Amino acid sequence: MEHITLKEMFNILIDCILNNREQPFFYYKRENEYVLIQEVDLMDSRLRTIDGDFTEYEWELEESNLYKEDKQ
C-alpha cells in the first residue's frame, strides 16, 4: 500500500475520469486494517468505506489515513 494525501487521491480520480482510465483501489487505514473506500462524496465531503464507515475530508486534511493499492 502507498500512503497518499487527500489531494493526491482527488488528482488521481480526476485524471482517471478525464482520461477514461481505470481507477486504482483506495483504502482507509483504521488501526491495523485497510478498508476499501467505496464512495467519494464531493457534496457531503466524506469518503465511505465498504463496511459503511466513513471519514470526513477535514480529518484527512489534518492527518491522512488514505492509501492506494500498489501496482503489481
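Modeller: Two strands count as paired if DSSP finds at least two bridges between them. Strands here are DSSP runs of E with at least two residues, helices are runs of H or I with at least four, and both are numbered from the N terminus. The model is predicted, so local features need pLDDT of at least 70 and side-chain atom pairs count only at pLDDT 80 or more, while totals for chains, interfaces and linings use all residues. Residues are numbered from 1 along each chain as its sequence is written, and side-chain values use heavy atoms, with hydrogens and water left out.

Colleague: Thanks! What is the strand order of the open sheet?

Modeller: The six strands run β1-β6-β2-β3-β4-β5, with antiparallel pairing.

Colleague: What makes β1 and β5 edge strands?

Modeller: β1 (2-4) and β5 (54-56) each pair on one side only.

Colleague: Why is I14 called partly exposed?

Modeller: Buried means under 20% relative accessible area and exposed over 50%, with partly exposed in between (1.4 Å probe, protein chains only). I14 has 46% relative accessibility, so I14 counts as partly exposed. I14 sits in helix α1 (residues 6-18).

Colleague: And what makes up the largest nonpolar core?

Modeller: A nonpolar core joins buried Ala, Val, Leu, Ile, Met, Phe, Trp, Tyr and Cys residues through side-chain atoms within 4.5 Å. The largest one has 10 residues, including I4, F26 and L66. Helix α1 gives the largest share, three residues.
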